[in-house]
Amino acid sequence: MGALIGFFVRLYTVVFGTLEQLTNGWLLGLASRVIFAAVLFQFFWNSALTKIGGNFMNIFTPTAGAYAQMLPQLMEQVSYDTSQIAFFPYGLIVLLGTWGEFILPVLVVVGLFTRAASLGMIVFIVVMSYVDITGHGADAKTIGALFDGDPYSIIADDRLMWIFLLLVPTLKGPGALSLDWLLGRSYRKREMYY
């Protein structure tokens, strides 16, 4: 019986050790970026478009809707008149948040500055969740709770999975099919000749 258990332990170790070696350094980062592109990219892109009224000419002048999405309580205080909101720091926050919502997802998908962009997206999601809860007054069902047996809450459950998805390229890198990998490879080749 001991020999049979030993055989299965060795088989298990060989199969999964080989699988880990074959995928090490390229699969997890690539898979997380492809899943991000398939599931979340369009969500963030469309959200960013609402902040400029769907017109790229407004990239330097976010709409009142952008202010309402990011600074809902402040907008309420000024009766939704953005001219009453100081550029520093509030207008700058809205401008940078809008740009971040366009730029960071693109960087994650193409794999350029992937670790920093993924970390930036994690921070963006945390801030977005905070604003949804405190600024927009999300209800308890929308917020949800961890370990509650209900995987359908938007904030606690969904966004925690979004963060985990982005944690992979933050910690493991973008994988081989990325601009980071190509630029790094080009840099390493150039270094060999000097």
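1. Lys141 has a relative accessibility of 62% and therefore counts as exposed, whereas Asp150, at 26%, counts as partly exposed (buried means under 20% relative accessible area, exposed over 50% and partly exposed in between, with a 1.4 Å probe and protein chains only). The side chains of these two residues, Asp150 and Lys141, meet in a salt bridge at 3.7 Å, N to O, the term requiring a side-chain nitrogen of Lys or Arg within 4 Å of a carboxyl oxygen of Asp or Glu.

2. The model is predicted, so that local features need pLDDT of at least 70 and side-chain atom pairs count only at pLDDT 80 or more, while totals for chains, interfaces and linings use all residues. Residues are numbered from 1 along each chain as its sequence is written, and side-chain values use heavy atoms, with hydrogens and water left out.

3. The count of salt bridges comes to three. In one of them Lys51 pairs with Glu101, the closest N and O atoms being 2.8 Å apart. Because Lys51 lies in helix H2 (residues 27-51) and Glu101 in helix H5 (residues 87-110), the pair ties together parts that are 50 residues apart in sequence; helices are DSSP runs (H or I, at least four residues), numbered from the N terminus. Both Lys51 and Glu101 are buried.

4. Asp132 and Arg159 also form a salt bridge, at 2.7 Å from N to O. Since Asp132 belongs to helix H6 (residues 114-135) and Arg159 to helix H8 (residues 154-172), this pair ties together parts that are 27 residues apart in sequence. Both Asp132 and Arg159 are buried.

Terms used: Helices (H or I, at least four residues) and strands (E, at least two) are DSSP runs, numbered from the N terminus.
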